[in-house]
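I opened this entry to look at the ligand site and then the pocket. My notes follow in the order I looked things up.

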Amino acid sequence: MRSKIVAGNWKMNKTYSESKALVKELKKAIKEVKLDNTRVIIAPPFTNLQKASKKTKDSLIEVAAQNMCKEESGAYTGEISASMIKSVHVDIVILGHSERREYFGETNESLAKKVDTALKNKLEIIFCFGEVLEDRKSGNHFKVVENQIKKALFHLGSGAWKNIILAYEPVWAIGTGETASPEQAQEMHAFIRELVAERYLSDIAEEVSILYGGSVKPANAKEIFSKEDVDGGLIGGAALNADDFMALIEAI
Ligand code: PEP
């Protein structure tokens, strides 16, 4: 049975001490929750990764990096490699977030290389994709999403898919307060699962968790998470506050 997942992407928020405080709050709160086939992941900035990983070792919270260099090592000033992430006992990385695509020039092609490097280093990947508003308005959203997935992931062999989590994040809904309706999310998630089933075996499509991301809040989470093909959420703003994040975990 595929896992339900609530993953918090902290983006470029939280100093070292703020991060420590939020991890502490979440760790305490999560003890009160019964997690049934549900994974809870947080993705703090790189400066907090080692501390968060150490502090959550004995809890049900998992830690992810928000990004990773496609190269293994060398003269890439300012970059962080897969093995560096692994060296602080972090086994998950978010790749392809729309902010990385928009502000840092990441493309489907460069992401395919990042995916390979991450998998080679035994990192599990939360792979993000989603259409911009113009694509949705012009009815191109399915084509765009298909292209993003095919170009970055469909060169992989079947065995790699146990380490892939998909995250559909319509760009027009990220940080805007605008959410895809539960029906729009379900429609796209079913389409994605079908794409994976056509390319691979249907068991792989059935096993892959597909998260929705885009202004998920305690007020709308239950309805979105209740959809058949929505296996949880990748959360930005609402992951920065322990009460809100815990409410999303309760919602799932
Ligand atoms: C995100 O950054 O992945 C995200 C979904 O952000 P928000 O929840 O703030 O829209």
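**Ligand site**

I began with Lys-11: an N or O atom in its side chain sits 2.6 Å from an oxygen atom of the ligand. I keep in mind that this is a predicted model.

I then checked Glu-169. Its side chain also places an N or O atom 2.6 Å from a ligand oxygen. For Gly-237 I looked at the backbone instead. There, an N or O atom is 2.8 Å from an oxygen atom of the ligand.

How much of the ligand does the protein bury? I computed 290 Å² exposed for the ligand taken alone, and the protein buries 97% of that.

Next I listed the surroundings. I found 14 residues around the ligand. Those that come nearest are Lys-11, Glu-169, Gly-175, Ser-215 and Gly-236. I sorted the shell by residue class: four are nonpolar, eight polar and two charged.

**Largest pocket**

I turned to the largest pocket and noted a volume of about 380 Å³. Which residues lie nearest its centre? I noted Lys-11, Met-12, Gln-66, Arg-100 and Phe-104, out of 13 lining residues.

I asked which element supplies the largest share of the lining. Helix H4, residues 98-103, does, with three residues. By class, I counted six nonpolar, four polar and three charged residues in the lining.

Note on methods. Residues numbered from 1 in each chain as written. Predicted model: local features only at pLDDT ≥ 70, side-chain atom pairs only at ≥ 80, totals over all residues. Heavy atoms only, no water. Near = heavy atom within 4 Å. Polar contact = N/O pair within 3.5 Å; in protein donor to acceptor, adjacent residues only side chain to side chain. Areas by Shrake-Rupley, 256 points an atom, 1.4 Å probe, with all protein chains shown as cover. Nonpolar A, V, L, I, M, F, W, Y, C, P; charged D, E, K, R; others polar. 1 Å grid on protein atoms, 1.4 Å probe; cavity = no way out; pocket = protein on both sides within 12 Å on 5 of 7 lines; lining within 4 Å. Points joined across faces, edges and corners; volume = space filled by probe spheres on them. Helix = DSSP H or I, 4+ residues; strand = E, 2+ residues; numbered from the N terminus.
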